[in-house]
Amino acid sequence: MPATITINWRAVKRITLFLVCVTLPVLYYLYYTFKPPVALYAELFDAELKASKTVAETRGKDRYVKFKQLQGAGFNNQAQEILLYHHLALQTSRTYVYQPLIWRPRGEKATVPLSAFLLGVTENSISEAVFEQVCPPGEVVHVNLRVDYADQWFHAKDILNRKDRCVVVDDWLFNWNFLASTGLRVVWSSFQTYLADHFKWSEHVLDIVNRTEANLGLRPNSSASADGEPYMAIHLRRGDFEDHCSYLAETRQGFTTWATLPLIQQTIYSPTLDTYNATSVMAHCYPSLYRILDVISDQARKKPHLRRLHVLHDGSWDHPLVYLQFYKLAEALKSAEWAKRHGWEGGPMLRVTQSSDAPIYAGERDWTVCVDVELARRAEVFIGNGYSSLSTQVIALRLADGGNIQDITLV
């Protein structure tokens with residue numbers, strides 16, 4: 001005779017009620033925290049359209065260029081390319097045709113207005129929607145610009161300096177390999193000036209940055225009178241980066257973009273990178289916590305007054321171990337015994353903060369990566385990863401600001 005199963009419905013109801021009470025607040029938090037500012041983005045798209053029409057009407061028969069751009073990658077991968085394209089357009093006296101960002105976390109078709117992030121790029125430029133109005137298909141000249149990396153920049157300038165009014169570049173000019181090659185080095189001198197003259201965050205980014213500084217007590221390096229304390233920033237690139245680093249080690253890849261500049265080589269923490277050695281590549285691309293602590297200690301000994309550290313990282317619900325590594329770092333760095341053992345005359349770190357400590361309001365989640373970049377740009381010392389587009393973006397901005405090369409270290 002089969003056994004009789006008795007269900008305690010009262011217990012089931014209690015468990016169900018408990019799960020509902022726990023789950024609903026979490027879902028509510030996630031929805032309002034990660035929900036994009038849809039209404040604001042719609043307003044910005046409209047504003048971009050109106051401003052682009054004004055630029056087109058004012059400039060009349062100006063020359064334009066639209067590039068084939070990387071879409072759907074991480075923010076800094078897209079941003080570094082957009083800035084280079086804008087620079088190239090200005091170098092050849094053309095009006096840059098900008099495109100929306102593809103916001104990868106929300107899918108391949110999720111577009112966000114570029115002006116919500118990189119305001120400087122959209123000023124005196126036109127959107128691709130207006131480009132289609134001022135340059136009908138019959139007037140568009142399609143070109144391919146890719147040649148050997150060593151000649152790439154000069155060749156592109158030669159072609160775009162021609163008289164063709166409406167140009168569309170069909171090939172992907174600034175691909176990954178070019179950005180990691182020596183061919184990019186010839187761009188640096190003019191690009192450094194470009195950043196100083198044209199780089200500008202949107203007000204939405206700057207509002208959050210200023211709020212974060214006030215909330216966390218961080219004082220920007222450019223200000224001696226502002227409230228807060230001077231700080232060093234470190235980019236702890238973890239998350240899904242380990243597999244990527246393994247690939248880079250297997251294929252013997254070196255640093256990317258501005259981390260390849262000769263003047264940056266003096267900032268690399270010993271032992272320097274050896275691309276023929278997979279272990280060396282891995283040590284720099286995905287450094288151990290011991291190596292990271294050594295790098296922080298090196299800068300802390302040089303600057304005894306710096307006792308605030310802000311850690312930029314990519315920890316999230318699907319990469320929770322990043323938080324564990326952050327807390328391990330923080331525990332060591334705030335230990336008086338540890339600081340004494342490693343020769344810190346100024347004592348241990350008084351406060352260690354992280355990306356997730358930034359006071360982000362509902363609808364502001366999209367801007368967090370920009371906030372990380374700007375906080376690292378403003379820090380007195382920056383410790384970065386030469387394989388990361390975020391770190392190399394920070395390096396470029398710091399140098400364009402006239403920053404001291406000795407205040408940068410690559411792990």
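This is a predicted model: local features need pLDDT of at least 70, side-chain atom pairs count only at pLDDT 80 or more; totals for chains, interfaces and linings use all residues.
Residues are numbered from 1 along each chain as its sequence is written, and side-chain values use heavy atoms, with hydrogens and water left out.

The chain holds 16 helices and twelve strands; helices (H or I, at least four residues) and strands (E, at least two) are DSSP runs, numbered from the N terminus. The C-alpha trace spans about 80 × 65 × 55 Å along its principal axes. Of the 411 residues, 51% count as buried, where buried means under 20% relative accessible area, exposed over 50%, and partly exposed in between (1.4 Å probe, protein chains only). Among the contacts in the chain with a separation of 6 or more, 79% are between residues 24 or more positions apart; contact means heavy atoms within 4.5 Å.

Helix H8 comprises residues 188-198, and Trp188, Phe191, Tyr194 and Leu195 are buried in it. These residues cover an arc of only 115 degrees around the axis, which puts them on the same side of H8; the arc is that of the directions from the helix axis to the C-beta atoms. Ser189 and Asp197, on the other side of H8, are exposed. The cover over the buried residues of H8 includes helix H3 (75-91), helix H4 (119-122) and helix H16 (389-400).

Val187 lies in the loop between helix H7 (176-179) and H8. Val187 is buried, with a relative accessible area of 0%. Leaving aside residues up to four places away in sequence, Val187 touches Leu84, His87, Trp153 and Trp258. Trp258 is 71 residues from Val187 along the chain, and their C-alpha atoms are separated by 9.9 Å.

Two packed helices are described by the angle between their axes and the distance between the axes. Axes are lines fitted to C-alpha atoms, for helices over the stretch in contact, and angles run from 0 to 180 degrees between N-to-C directions. H3 and H16 pack at an angle of about 40 degrees, with their axes 9 Å apart. H3 and H16 are therefore oblique to each other (under 35 degrees is roughly parallel, over 145 roughly antiparallel, 65 to 115 roughly perpendicular and the rest oblique). The contact involves Asn76, Asn77, Ala79, Gln80 and Leu83 of H3, together with Ser389, Leu390, Thr392 and Gln393 of H16. By class, this contact of H3 with H16 has three nonpolar, six polar and no charged residues; Ala, Val, Leu, Ile, Met, Phe, Trp, Tyr, Cys and Pro count as nonpolar, Asp, Glu, Lys and Arg as charged, and the others, Gly among them, as polar.

H3 also packs with helix H6 (residues 152-160), at an angle of about 50 degrees and with the axes 9 Å apart. H3 and H6 are therefore oblique to each other. Leu84, His87, Leu88 and Gln91 of H3 and Trp153, Ala156, Lys157 and Leu160 of H6 make the contact. The residues of the contact of H3 with H6 divide into five nonpolar, two polar and one charged.

Gln152 is located in helix H6. Gln152 is buried, with a relative accessible area of 1%. Residues up to four places away in sequence not being counted, Gln152 touches Leu145, Arg146, Val147, Leu173 and Phe178.
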